[in-house]
Amino acid sequence: MKILVTGGLGFIGSHTVVELQNKGYEVVIIDNCSNSSPDVIKGIRNITGKDLIFEKFDLREKDKIKEFFKRHNDIEGVIHFAASKAVGESVEKPLLYYENNVSTLVYILQQLADKTSASFIFSSSCTVYGQADELPITEDAPVKVAESPYGNTKQIGEEIIRDTCKVYPAIKAIALRYFNPIGAHPSAEIGELPIGVPQNLIPFITQTAIGLREQLSVFGDDYPTTDGTCIRDYIHVVDLAKAHVVALQRLLEGKNTSNYEVFNVGTGTGSSVLEVIQSFEKVSDQKLNYKIAEKREGDITAAYADTTKANNELGWSAKSSLDDSLSSAWKWEQKIRS
Ligand code: WQD
């Protein structure tokens, strides 16, 4: 069975391709390589020993999408990762984000609308909750006014899919609201490859530990939390990848209870920035050079998932601990800098 993975050379995409191939799916990747490299294909192959089809083009080229689906008319499922995802950049370049994250979603859905049956998995984010009123966060928590154009594109994307599935019953969709994906495949054949100065905590930590960065700035230590630093739900990227496969299987096997479903994908456990640093120092057996700095604009105090729905309906739960995830991130950093 052929599955399209857009953005399949990216961090979460590549790990999901590995899990799809492990389950015997034939994978086709579309990626414009704006934030990834074709070298990732070699890493995937080293893990699974399987080949895949890769087509390099930009999903903003609507005609190319139409032509692609004509050539690959046997695609039965789509996992849609391709999007711009830097919160700060989205504030500076909103039109780029609305074009790249929203219009391309519409173009893909338009191709699925003509099919007799299509399963669609959407890469959403816990960002849609903003600072939730209650923790842990359930899927019923209200979607808050987005704090960034990036977060808004995820909210809009979910609404587009919801409305589309109402009119095109052949399209069955699941939105997965990721919490904070971290780590790398245990083989260290694939992992996160941030371009430039990392915005996210874990790659900044590992780059500091390896000597690429001078010092980690902890953005604020006077939040209303146990140690004053922000709390997040850090989920191993392989656990997250596996959630995509079980969600896709749910749709392909017709086990979905409605045409559009939403699931939180996290560990259900919150960790503070200082707890992450302590865990990293333990697994890397070295002290991390960090300082307390000013709060970062737009950061929320705490977010971690209530994963009951995914546990019960997908039969999925995260298996890796924070230590495991950080250990895999460190192994990956050491590998790519060796
Ligand atoms: C985590 C914590 C920072 C860097 C973002 C997006 C979200 C998703 C994941 C795409 C925060 C602190 C960070 C640093 C720090 N992206 N931090 N020093 O902001 O929770 O989520 O990435 O889907 O949509 O919003 O992740 O890793 O940037 O920050 O102290 O150098 O680490 O303040 O508390 P975030 P993050």
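Among contacts in the protein chain between residues at least 6 apart in sequence, what share joins residues at least 24 apart? The share is 80%, a contact being heavy atoms within 4.5 Å.

This is a predicted model, so to speak: local features need pLDDT of at least 70, side-chain atom pairs count only at pLDDT 80 or more, and totals for chains, interfaces and linings use all residues. Residues are numbered from 1 along each chain as its sequence is written, and side-chain values use heavy atoms, with hydrogens and water left out.

The protein chain holds 11 helices and 13 strands, counted as DSSP runs (H or I, at least four residues, for helices; E, at least two, for strands) and numbered from the N terminus. Its radius of gyration, taken over C-alpha atoms, is 19 Å, close to the 20 Å from the globule rule for 338 residues, so the chain is as compact as a globular protein of that length. That rule is 2.2 Å times the number of residues to the power 0.38. Buried residues make up 54% of the 338 (buried is under 20% relative accessible area, exposed over 50%, partly exposed in between, with a 1.4 Å probe and protein chains only).

Now for the charges. The whole structure has 21 salt bridges, each a side-chain nitrogen of Lys or Arg within 4 Å of a carboxyl oxygen of Asp or Glu. One of them pairs R71 with E55 at 2.7 Å, N to O. R71 sits in helix α3 and E55 in strand β3, 16 residues apart. R71 is partly exposed at 42%, whereas E55 is buried at 14%.
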